[in-house]
Amino acid sequence: MAQNIFRGLGIALITPFNSDGSVDYVSLKRLVEYQIGNGADFLCILATTGEAPCLSHAEKEEITDFIKEIVKGRVRILKYCGGNNTAAVVEEIKSTDWSGIDGILSICPYYNKPSQEGLYQHFKAIAQASPLPIVLYNVPGRTGINMKAETTVRLAKDFPNIVGVKEASGSLEQVDEIIKNKPDNFDVISGDDALTFPMIASGAAGVISVIGNALPKEFSRMIRLEFRGEYEPARKIHHKFTELYSLLFVEGNPAGVKALLSDMGMIENKLRLPLVPTTIKTKQKMAEILKAIKL
């Protein structure tokens, strides 16, 4: 039976762009090395934070190969493959070369709002086609549908290669319900930076983090303290981030974290439409908080 290998700090990796809009591979290499050198346990690539909907198929393939070459097996790689057309997702899984990739992150179908049975059948088809472990991704704020705890647990029990869920429903009650009823080989992974502290305290195995792009050292320290049961120092780190959590997402993701990384001199503050950079006011506020955290 497959065990979940995506534990601790996972980074929802951004895709840096040059001022002309092309992929900035120099900054991408620097960013990946920064994550690995500062406590990241795995990378989650080409998902929402990576602006995947605005990347061409060729760019996605090139970025994947580039990241694999830099990582060289030092951390696990979880790659996004999902959509709201089940047959198309299954076909993509079957036709993709998954060498050097450790697992697949797949989102609940968005826009067409399936029933709980529809969600179950969608992920059943994916599980049966996948050569790799699967992490489900439940993010109702983006998809328009919440995968209930009972559906998640049903999938976890029926398909041993479904090893986790990136849970971003915002409901700690739902998280608790999954953790209480899940099989041993299945884990809940936080999909919400702001709820990572309480979720790990409740038994979650880690996070796929946006803020970790900029502050992997600090965020991984919080997680490691919690894993050791040292909740008081972990809580202090969590509270340092409180205001930053909301500012990061107030004008869309990854606009917030790209502004932060730009202030740190890591990337250019460039996104692809329909996303645009944060306002100067938000950027200044984040820069002030970052300065305080880094002191």
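1. A helix here is a DSSP run of type H or I with at least four residues, numbered from the N terminus. With that in hand, a friendly reminder before we look around: this is a predicted model.

2. Let's start with His239, which sits in helix α10. Is His239 buried, exposed or partly exposed? Its relative accessibility is 49%, so His239 counts as partly exposed; the cut-off for exposed is over 50%.

3. The largest nonpolar core has 100 residues, and the members that touch the most others are Val32, Ile67, Phe219, Phe241 and Leu244. Helix α10, spanning residues 231–249, supplies the largest share of this core, with 7 residues. As background, nonpolar side chains tend to be buried together in soluble globular proteins.

4. Phe241 deserves a click in your viewer. Setting aside neighbours within four places in sequence, Phe241 is in contact with Ile211, Leu215, Glu218, Phe219 and Ile293. Phe219 is also among the core members with the most contacts to other members.

5. Finally, have a look at Ser27, which belongs to helix α1 (residues 25–37). Why does Ser27 count as buried? Its relative accessibility is 5%, and buried means under 20%. The side chain of Ser27 makes a polar contact of 3.1 Å with the side chain of Arg30. Not counting residues up to four places away in sequence, Ser27 touches Pro16, Met266 and Ile267.

Methods: Residues are numbered from 1 along each chain as its sequence is written. This is a predicted model: local features need pLDDT of at least 70, side-chain atom pairs count only at pLDDT 80 or more; totals for chains, interfaces and linings use all residues. Side-chain values use heavy atoms; hydrogens and water are left out. A nonpolar core is a set of buried Ala, Val, Leu, Ile, Met, Phe, Trp, Tyr and Cys residues joined through side-chain atoms within 4.5 Å. Buried means under 20% relative accessible area, exposed over 50%, partly exposed in between (1.4 Å probe, protein chains only). Helices (H or I, at least four residues) and strands (E, at least two) are DSSP runs, numbered from the N terminus. Contact means heavy atoms within 4.5 Å. A polar contact is a pair of N or O atoms within 3.5 Å; within protein, one must be able to donate a hydrogen and the other to accept it, and residues adjacent in sequence count only if both atoms are side-chain atoms.
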